[in-house]
Amino acid sequence: MNMPDHTRRTALKTGLSLSALAATAGLPFWSKLVMGAEDTLVPFTDMPDGFVAPPVAPGAIHFLDTRGISTFYTPNEDFYIIQHYNQPQIAEADFKLKVTGLVNNPLELSLADIKARPKIELDAGFECGGNRESMFQGLIGNARWGGTSLRELLLAAGVQAEGIEVVFYGYDKGEETIREAKVEQNFGRSLHVVDAMDPAVMLAYEMNGEALPLYHGAPLRLVVPGYYGVANVKWLNQIHVQDRRYMGRFMGRDYVTLSKRDIGGEVRWEERSVTKINLKSSIIRVTKNANTHTVMGFVLNDGTTLRSVEVSIDNGPWQAAQIDPQSSKYSWKLFTYTWDNASAGEHTLVSRVTDANGQVQATLEQMPEKPTRWENYAQFPRKVMIGG
Ligand SMILES: Nc1nc2c(c(=O)[nH]1)N[C@H]1C(S)=C(S)[C@@H](COP(=O)(O)O)O[C@H]1N2
Ligand SMILES: [Mo]
């Protein structure tokens with residue numbers, strides 16, 4: 001097989017099968033993402049008329065119109081925005097990051113101190129744990145993050161043997177009612193020390209080559225590749241190492257998925273924190289160019305190597321889609337599928353992703369019973385209307 005070197009490298013890096021990539025060799029994948037003058041959007045009939053994504057505004061949430069995704073990196077201006085308290089503006093001179101608790105060398109670092117440390121860069125895509133079908137999966141984005149290694153910082157601080165939990169506090173805060181008490185708390189999330197020591201975890205001050213924007217946590221945020229958005233603490237202010245679980249709102253009460261599952265042979269209702277991204281794909285756009293239709297979508301997961309992404313039309317056989325060769329371990333993976341001979345009328349399209357362990361994206365019927373709204377990773381059938 002004749003394959004350019006960089007394609008082969010990408011294949012090795014992402015673990016995608018060479019045959020899946022071969023289909024894309026020769027034609028740059030991005031050219032399929034960008035809508036040309038000849039391309040028209042095929043209307044989804046499952047989308048309400050006049051559906052619009054909310055614009056970016058101070059204090060507001062923003063999700064993107066996934067039909068418009070046309071680049072591997074989400075532009076900073078369109079990356080989704082979620083915050084649960086305020087959006088604190090921290091002057092660089094006032095910013096500090098404290099490392100406290102069960103460490104041999106407590107630290108207090110300025111932004112300049114952090115930027116003086118060795119720089120790492122990594123592509124990571126994520127969605128909010130509350131992303132869902134009703135907003136057509138718009139709480140999503142993929143960016144190149146630049147910053148410094150959390151692991152190296154923790155090594156410099158010297159985590160003591162009893163330190164098992166690393167807590168990350170933001171500058172933002174709000175009032176919480178816990179039992180009957182009203183208290184002020186900062187946004188907080190935690191990682192087990194083993195997960196915090198993963199070399200991919202980063203303290204990021206750059207997003208797509210620019211200074212981290214205010215709404216995305218300026219000047220410094222945590223990025224935990226392969227985790228849902230909630231793990232990526234924005235406006236980071238303090239890292240605290242302790243000898244027990246952190247049970248704050250966003251670990252212990254909110255962003256907690258209740259589901260019925262098999263726990264070692266016993267069926268139990270279980271609550272678990274939203275952490276690693278479940279294996280998920282979704283179709284987000286269909287375009288028409290002359291007689292050819294192109295179906296496009298994304299995959300997100302926790303970084304496990306993928307085996308395939310497939311599309312089925314009107315419950316027909318699963319057909320292999322092509323995955324963007326620019327994809328890397330923790331990025332989103334955009335895919336396209338060329339749909340030949342689409343007949344006039346309404347059609348149902350669905351995608352599914354399979355990972356290298358043979359795990360297949362579940363259908364809604366196969367999902368564990370789950371009364372909470374977190375972690376919506378079921379196959380998402382879409383309906384389109386092909387004109388006559
Ligand atoms: N400090 C702080 N960090 C936070 C949050 C927050 O409210 N405060 N929201 C979290 C949630 S729920 C999500 S989905 C992501 C969103 O990141 P983004 O706005 O950069 O897309 O930030 C996470 N980090
Ligand atoms: Mo979120």
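**View 1. The shell around ligand 1, by residue class.** In this predicted model, the shell around ligand 1 has eleven nonpolar, five polar and three charged residues. Nonpolar covers Ala, Val, Leu, Ile, Met, Phe, Trp, Tyr, Cys and Pro; charged covers Asp, Glu, Lys and Arg; the others, including Gly, are polar. Tyr80, Asp172, His216, Arg221 and Lys234 come nearest among the 19 residues around the ligand (near: a heavy atom within 4 Å).

**View 2. Polar contacts of ligand 1.** A polar contact is a pair of N or O atoms within 3.5 Å. One oxygen atom of ligand 1 lies 2.6 Å from a polar backbone atom of Tyr80. A ligand nitrogen atom is 2.7 Å from a side-chain N or O atom of Asp172. In the side chain of His216, an N or O atom is 2.6 Å from an oxygen atom of ligand 1. On its own, ligand 1 has 530 Å² of accessible area, and the protein covers 100% of this (Shrake-Rupley method, 1.4 Å probe).

**View 3. Salt bridge between Arg67 and Asp65.** The two side chains meet at 2.8 Å, N to O. A salt bridge needs a side-chain nitrogen of Lys or Arg within 4 Å of a carboxyl oxygen of Asp or Glu. Arg67 counts as partly exposed because its relative accessibility is 22%. Asp65, at 23%, is also partly exposed (buried is under 20%, exposed over 50%, partly exposed in between; 1.4 Å probe, protein chains only).

**View 4. Salt bridge between Glu206 and Lys119.** Their closest N and O atoms are 2.8 Å apart. The salt-bridge count comes to 14.

**Notes.** Residues are numbered from 1 along each chain as its sequence is written, with chains lettered from A and ligands numbered from 1 in written order. Local features need pLDDT of at least 70, side-chain atom pairs count only at pLDDT 80 or more, and totals for chains, interfaces and linings use all residues; side-chain values use heavy atoms, without hydrogens and water.

Terms used:
A polar contact is a pair of N or O atoms within 3.5 Å; within protein, one must be able to donate a hydrogen and the other to accept it, and residues adjacent in sequence count only if both atoms are side-chain atoms.
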